[in-house]
Amino acid sequence: MRNIFKVLMMLVLALALIGCGGGKVEEEVKIIVPQGNPFIAVGNLIGEENITIESVNGAAGVKAGLVGNDYDIVIAPLNLGAQLYVGGKSKYVLDSVIALGNTYIISNKDTKLDAISDLEGKTILAYSQGGTPDIILQYALSKNNVNAEIEYRPSLTEVVPFFVQGEYDYILAAEPVITNLKVNKNKELNVLNLQDVVDKVIMQAAIFVNPDSTKQDSIDVVIDKIKDNIENMNKNPEEYANSIIEKDVYFKDLTANIMSQSIPNSNLDFVKAKENVAKVESYLTMIGYKLPDEAFYR
């Protein structure tokens with residue numbers, strides 16, 4: 001009886017390992033990822049054997065990764081990867097999408113923001129001109145026939161001080177910055193989710209794979225680990241935040257409290273691209289992009 005119990009326990013443990021991305025990464029897999037939610041989503045993989053993660057601030061670094069050939073995995077905006085692929089500037093193919101709608105307009109509580117129409121004639125301070133957040137904002141305004149003036153700064157971190165100082169009533173924002181404003185700046189905010197406004201699934205950050213890499217088996221294991229990592233993060237944000245806090249100074253600066261509170265509103269998920277081509281194409285069509293061919297989907 002004791003031997004049967006031991007065998008059953010070993011089977012349970014083996015199944016648990018399979019369900020938690022327990023496969024071994026046999027060869028070094030190099031990943032580049034932008035800071036923010038995509039970095040948080042893969043944070044628990046930092047320090048794992050044969051996984052090297054480089055984080056960069058902004059889209060320029062990941063764009064260079066997509067154009068070059070130095071990384072096995074590039075996590076980047078979906079529209080950027082598709083645009084470079086269609087234009088023949090990148091060979092990286094789409095495996096999955098991991099960040100859905102994380103694009104918001106915010107205002108202070110005493111500044112009306114119940115609907116997109118409240119932005120008529122107003123000025124919005126935005127970031128990443130021509131990038132995904134800007135494209136979604138422009139589409140939301142156009143779809144609802146709202147005329148607003150948009151001013152830009154290069155990044156969201158450069159937008160926030162103007163809002164905190166009261167120089168702008170409305171800004172384009174995202175998590176975890178919104179939670180940080182609430183917790184550390186004691187801001188009471190109106191938050192308008194642009195995914196609700198456009199009424200479509202917004203697909204933002206995606207996993208792109210280098211098709212020339214000789215490490216495809218190890219890449220598959222890493223992607224399985226990312227999938228399980230995101231599932232565990234969404235199940236227990238507080239536990240997850242505490243598990244990654246010491247893994248990078250970026251997480252330490254954000255604090256576990258901010259990460260755990262922002263994760264539920266970040267729309268981080270794992271969507272396999274080849275099984276959701278119609279949704280990917282619907283999003284790319286919405287933002288006016290030329291659709292890639294079938295070989296784009298890994």
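**Exercise 1.** Find which residue stands opposite Ala99, and describe the strands concerned.

*Solution.* Ala99 stands opposite Leu268 in E11. Strand E4 (residues 93-99) and E11 run antiparallel and are joined by 3 bridges; strands pair if DSSP finds at least two bridges between them. Strands (E, at least two residues) and helices (H or I, at least four) are DSSP runs numbered from the N terminus.

The model is predicted: local features need pLDDT of at least 70, side-chain atom pairs count only at pLDDT 80 or more, and totals for chains, interfaces and linings use all residues. Residues are numbered from 1 along each chain as its sequence is written, and side-chain values use heavy atoms, with hydrogens and water left out.

**Exercise 2.** Determine how helices H4 and H13 are arranged.

*Solution.* The axes of H4 (residues 78-86) and H13 (residues 277-286) come within 11 Å and cross at roughly 85°. Axes are lines fitted to C-alpha atoms, for helices over the stretch in contact, and angles between N-to-C directions run from 0 to 180 degrees. The helices are therefore roughly perpendicular (65 to 115 degrees).

**Exercise 3.** Check the span of helix H9 (residues 216-235).

*Solution.* At 1.5 Å times one less than the number of residues, the 20 residues should span 28 Å. The end C-alpha atoms are 29 Å apart, which agrees.

Notes. Parallel < 35°, antiparallel > 145°, perpendicular 65-115°, else oblique.
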